[in-house]
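Here are a few notes to read alongside the model.

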Amino acid sequence: MDIPIPQTVFYLFSFIMVAAAIMVITVRNPVYAALFLVLTFFSAAAIWLLLEAEFLAIVLVVVYVGAVMVLFLFVVMMLDINLAPLKEGFVSYLPVGIAVALLMAAEMLVVVWTRDRFGPEIYPVPAAAEAGTSNTAALGELLYTNFLLPFEIAGVILLVAIVSAVTLTLRKRSGVRSQSPSHQVRVKRDERVRLVDIASESPDGRSD
Amino acid sequence: MREQLLIAAPELWVLLMACVVMTVDVFTSRERRGIIHLLVMLTLMFAAIITLRGDYHSGGTWAVTAFSETFIRDPMSDVLKLFSFAVMALVYTYAKHYLRHFGLYRGDFYTLTLFALLGVMFLISANSLITVYLGLELLSLSSYALVAFNRESKRGSESAMKYFVLGSMASGLLLYGMSMVYGATGSLELQTISETIRNGREGDVLLVFGLVFLVAGVAFKLGLAPFHMWVPDVYHGAPAAVTLFISTVPKLAAFAMAFRLLHSAMGPLHADWQQMLVLLALLSLAVGNFAAIMQTNIKRMLAYSTVSHMGFVLLGLLPASAEGFGAAMFYVIAYALMSAAAFGVLILLSADGVEAENLDDFKGLNHRNSWYAAIMAMVMFSMAGVPVFIGFFAKWLVIKAAIDAGLIVLAVAAVVFSVIGAFYYLRVIKLMYFDDPLNDKAIEAPVDFGAAISLNGILMLGLGLFSSSLIAICMASFSYL
């Protein structure tokens with residue numbers, strides 16, 4: 001029997017991805033949830049590789065799996081999260097939630113499921129890129145030419161994120177020990193070091 | 001490249017000055033924060049001058065694009081930007097008084113609002129799905145932080161959280177819709193999308209599927225029922241100075257976004273989105289007006305009144321004609337001015353570290369200060385749509401546009417609901433003129449505040465009496481359709 005490899009890989013990873021995504025929101029322990037999110041990202045990266053978007057796949061692994069999620073795990077572990085209030089009302093909201101979710105899924109399936117609207121006949125698979133095509137170079141070229149303005153706006157958005165974070169968290173409170181760099185730089189030797197004359201001692205313990 | 005930079009000169013100027021303000025703020029002591037205020041006012045003034053000096057205005061219809069078609073400058077964008085600057089100047093003048101009063105007079109308010117203004121400008125001038133999304137995110141992110149600006153206020157943080165969660169979901173919906181549209185048409189640029197659809201893709205269900213999500217995203221940003229849940233909570237929870245901002249300038253951007261997405265990009269699917277908008281408009285008019293009647297908190301009342309006003313804006317968008325878009329544009333501009341004045345008076349009444357936010361605070365305002373009571377009365381008359389005030393002409397134009405498009409039932413409903421809505425606007429006037437004041441404290445305001453609010457109040461009447469020129473400007477913005 002002939003097994004098509006791309007399809008097999010796609011179904012394998014998308015199954016893992018969906019399953020892991022469901023676990024993220026259902027699992028009780030937030031640390032497990034974060035780890036399942038890592039698995040979700042990882043499977044998504046694999047699917048991106050399948051789409052010949054190597055750069056995005058690597059960035060997803062390096063940035064999200066490597067940096068963001070590790071940071072997230074730190075936060076989850078450091079915060080003392082009380083799980084009980086988070087689960088409150090879960091059961092009572094569940095029927096409504098499931099009903100709405102099923103309704104939406106059904107509506108979306110009506111549109112998407114039919115092959116003549118959304119199948120490979122209408123949106124054919126693009127031809128594979130030649131060997132040696134650099135995904136990263138192509139992305140970089142587009143980013144700095146056609147998408148220059150969006151790229152810059154994205155930069156401004158990051159700046160706003162920094163300003164917002166500082167606005168929301170920086171506050172002057174009394175009784176908090178903090179560094180004062182300008183004071184540290186201006187410090188003089190005399191304030192830190194006191195030279196004391198001590199009489200030297202002879203080897204046998206007697207002072208001269 | 002130089003020409004392209006010149007096309008986007010107002011944006012670049014505001015971006016530059018936002019960074020300058022941020023830097024100057026670090027080196028300014030608390031007592032000399034007036035410098036920042038002055039700097040921001042100058043920024044707005046020069047931004048307006050730069051916008052006006054763009055020499056594209058020759059000839060009736062023009063539109064220039066820059067940065068590989070991701071940015072567009074046309075008559076609508078210039079007019080909306082100029083009004084954004086003007087309304088921002090009012091916002092800053094009112095906000096300064098409030099911030100001083102509540103110990104929130106910090107430079108980050110100015111930085112964040114300038115970045116939000118930048119987002120508004122990019123959104124107004126967006127010509128590609130990605131610029132629409134990024135402009136929207138720039139505006140939203142700044143707004144989330146601004147809502148939580150008063151860190152001592154628990155309600156502020158709570159409403160900021162709600163705003164953030166709901167806003168992120170709306171962005172998600174919008175992005176999902178955009179990805180569908182991109183998948184179906186293979187382009188991010190609005191005109192190309194519209195052309196691709198026109199060339200034989202009108203019946204594509206996938207496009208309609210994406211359109212549903214686009215409409216949901218737009219409805220959230222405009223605050224239309226049933227996507228209006230965040231509006232009352234955010235208006236109520238945010239400091240009045242921030243509510244003042246959120247209820248004015250972003251609405252101008254949301255209108256531009258609706259126009260760009262629904263007409264520039266999805267214009268050929270007009271028949272599909274018209275049905276959706278009719279429902280949204282009816283719901284907004286009903287929910288907004290009925291819920292507003294039940295409020296005792298004026299911030300919540302004005303929030304629900306926003307919902308109904310945005311329903312009226314939709315009436316103008318529905319026909320997809322030049323007259324309709326012009327009417328809707330006139331409506332949002334009028335609404336931004338009315339809302340600025342209403343929150344200005346609200347800030348004026350705040351005293352002793354307590355925000356005036358209940359209807360009772362307006363009791364007997366006429367006895368305390370008859371001029372400010374008169375201004376508030378003009379604003380309320382205008383919002384209710386009483387003739388000679390600007391709000392009347394705004395309502396009249398959008399209803400006329402709806403009737404011209406054959407949407408008689410909707411137009412009748414709009415009239416009925418505006419009559420119902422008049423109740424809660426007139427109630428404020430009744431409280432001000434016929435009830436006894438709860439306290440006799442004199443109302444004090446700095447000179448610039450008094451001048452700005454007087455001008456703003458007089459504009460309610462003045463722009464009503466001489467509305468024809470502003471209406472002509474709005475109509476001319478869409479004359480190419």
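1. A polar contact here is a pair of N or O atoms within 3.5 Å; within protein, one must be able to donate a hydrogen and the other to accept it, and residues adjacent in sequence count only if both atoms are side-chain atoms. Between chain B and chain A, four residue pairs are in polar contact, both at pLDDT 80 or more.

2. A word on the basis: this is a predicted model, where local features need pLDDT of at least 70, side-chain atom pairs count only at pLDDT 80 or more, and totals for chains, interfaces and linings use all residues. Residues are numbered from 1 along each chain as its sequence is written, chains are lettered from A and ligands numbered from 1 in the order in which they are written, and side-chain values use heavy atoms, with hydrogens and water left out.

3. Now for the interface: 35 residues from chain B and 26 residues from chain A take part in the contact (heavy atoms within 4.5 Å). The two chains bury about 2,600 Å² between them (accessible area, 1.4 Å probe, lost on being put together and summed over both), with 80% of it on carbon and sulfur atoms. On the chain B side, L134(B), R151(B) and F209(B) lose the most area to chain A, together 22% of what that side buries.

4. With eight residues, α6(B) supplies the largest share of the side of chain B that touches chain A.

How values were computed: Helix = DSSP H or I, 4+ residues; strand = E, 2+ residues; numbered from the N terminus.
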